[in-house]
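Please find below a colleague's note for a reader who is new to this structure. The points are numbered and may be read beside the sequence and the model.

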Amino acid sequence: MSSPRYIRHHDLLLPSEAHDAQSLEYAQNFSVEDTDVFAVTYPKSGTIWMQEILPLVLNDGDLTPIHTIPNWDRVPWLEEKRLAFVVDQLKSPRALVTHFPYHIMPPSFHTSKAKVIYVIRNPKDVMVSSYHFHQMAGFLEDPGTFDEFMEKFLEGRVMFGKWTDHVKSWRHTALQDRIMFIAYEEMVEDLPAALRRISEFLGTKLSEKTIQKIAEHCSFKSMKANKMSNFSLIPKQYMDHDKSPFLRKGIAEDWKNCFSSEQLARFTSVICKEMEGESLSLPWSL
Ligand code: A3P
C-alpha cells in the first residue's frame, strides 16, 4: 500500500519528499569509486552519527566541513535528490550514506572496492526512535498509536521495509573484508574504541589525540548543539523539533521505557522467528 507521502522502489516505500524517479535512476547509474566509503543503515540506527564520524576519520579530524556544511550535503544519501547537486563538490575519499538494502545497490558498487560500515541497532530501540521521528517529520505518515506503529514496523509498511530484511541483506554479501559491522550500542558504550576500529578498517592512521578530539565532537551533546548536524536548518513543516528533536535521547535500551510486556512478547516473537539461524554477535539479544 503506498500513499502520496511515499513512492515505491522495488518492494520498498520511500518518502517522496526526498526521493523521486529521477533521483533513484541517478543512484542506479551512480559511478562508485574504489575509494568511496558508504555508511549503511536501516533508518534510525545511527545514520547521522556515522555521517559525522566518517569525514573526520577520513580527514585526520579536520573539523572545517563539520562546521560549514550541513550533514546531508557533507555525506550525501546515495538515493536522495540532493546527491546530483553536490556530487562534484565531494573530495576523495568520498563518504556517502544509504538506507538501500544490498541487492538494490548500483552495479558500479558491486564491481568497485568501495568499503561499507554497517551500523546495526537493537530493533526495539530503532522502532522507538522511528515512532518519535514519525511524529516530528511532516513528510512521513502519522505513526498512529504505539501499537499500530509496531504492527506497521513488523510488517515492513514503513520506509525502507522490514528491519529483518535489511539486516539479513547486508549480512549475506560477498563483500568480505570490504564490510565492517558496528553496533550503535558499542558506539554509545565506548566511542573512542569504536573510532579506533573504524579507523583501522579504513586504514587511516589517527593519533590518540585526534581520536579523543573526534569522540568529543561526535558526542550526542556536541552534535545536538551543531546546527550543521542537528537538522535545525530544516523548515519546521518538514521537521518539528518541538514535537520530538531529531537528536532525541541518544541512548541504548530506551525501549524499556516504552514497551509493555505484551508488546515485548509480540515484537520478540516476530523478530526472533525472522532472524532464526542468524548468529548475531551483538551487545544485545533479540
Ligand atoms: P533516538 O531517537 O533514540 O535518540 P538516524 O540518524 O539513523 O536517523 O538515527 C537517529 C538516532 O541516532 C536517534 O536516536 C539519535 O538521537 C541517535 N544519535 C544521533 N547522533 C548520536 C550521537 N552522537 N550519540 C548517540 N546517539 C545519536
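**Notes on the predicted model**

1. F231 lies in the loop between α13 (220-225) and α14; helices (H or I, at least four residues) and strands (E, at least two) are DSSP runs, numbered from the N terminus. Although F231 is not a glycine, its phi is positive, at about 65°. With a relative accessibility of 6%, F231 counts as buried, where buried means under 20% relative accessible area, exposed over 50% and partly exposed in between (1.4 Å probe, protein chains only).

2. On the basis of this note: the model is predicted, local features need pLDDT of at least 70, side-chain atom pairs count only at pLDDT 80 or more, and totals for chains, interfaces and linings use all residues. Residues are numbered from 1 along each chain as its sequence is written, and side-chain values use heavy atoms, with hydrogens and water left out.

3. A second residue with a positive phi that is not a glycine is H10, at about 55°. H10 is placed in the loop between β1 (6-9) and β2 (12-15), and these strands form a hairpin with 2 residues between them. H10 is exposed, with a relative accessible area of 52%.

4. R8 stands opposite L13 in β2. From β2, L12 and L14 point one way, L13 and P15 point the other way, and all are buried. In a regular strand the side chains alternate between the two faces of the sheet.

5. In what order do the 4 strands of the open sheet stand? The order is β4-β3-β5-β6, with parallel pairing. β4 (95-98) and β6 (179-183) stand at the edges with a single partner strand each, so one side of each has no neighbour in the sheet. On average, neighbouring strands of this sheet are turned by 20° against each other, direction ignored. Axes here are lines fitted to C-alpha atoms, for helices over the stretch in contact, and angles run from 0 to 180 degrees between N-to-C directions.

6. The pairing of β3 (residues 37-41) with β4 is parallel and extends over 4 bridges. The loop between α5 (83-86) and β4 contains P93, and the peptide bond from S92 to P93 is cis, with omega near 0°.

7. Helix α2 (residues 47-58) lies across β3, β4, β5 (115-120) and β6, running at about 165° to β3. Helix α9 (residues 163-171) also packs on the sheet, touching β3, β5 and β6, and its direction makes about 145° with that of β5. Contact means heavy atoms within 4.5 Å.

8. How many of the 12 residues of α2 are buried? The count is 12 of the 12, so α2 is largely enclosed by the rest of the structure. Among them are W49, E52 and P55. From its first C-alpha to its last, α2 reaches 17 Å, close to the 16 Å expected at 1.5 Å a residue; the expected span is 1.5 Å times one less than the number of residues. After α2 comes D60, whose phi is positive, near 50°.

9. Helix α11 (residues 191-202) has 12 residues and reaches 16 Å from first to last C-alpha, close to the expected 16 Å. Its buried residues are L191, P192, A194, L195, I198, S199, F201 and L202. These buried residues pack against β3, α2, β5, β6, α10 (184-189) and α12 (208-217).

10. L175 is in the loop between α9 and β6 and is buried, with a relative accessible area of 4%. Not counting residues up to four places away in sequence, L175 touches Y102, F109, V116 and W170. L175 and V116 are 59 residues apart in sequence and 8.7 Å apart in space, C-alpha to C-alpha.

11. The axes of helix α8 (residues 146-155) and helix α14 (residues 261-274) come within 11 Å and cross at roughly 5°. The two helices are therefore roughly parallel to each other; angles under 35 degrees count as roughly parallel, over 145 as roughly antiparallel, 65 to 115 as roughly perpendicular and the rest as oblique. F146, D147, M150, E151, F153 and L154 in α8 meet Q263, R266, F267, V270, I271 and E274 in α14. The residues of this contact divide into 7 nonpolar, 1 polar and 4 charged, where Ala, Val, Leu, Ile, Met, Phe, Trp, Tyr, Cys and Pro count as nonpolar, Asp, Glu, Lys and Arg as charged, and the others, Gly among them, as polar.

Methods
Two strands pair if DSSP finds at least two bridges between them.
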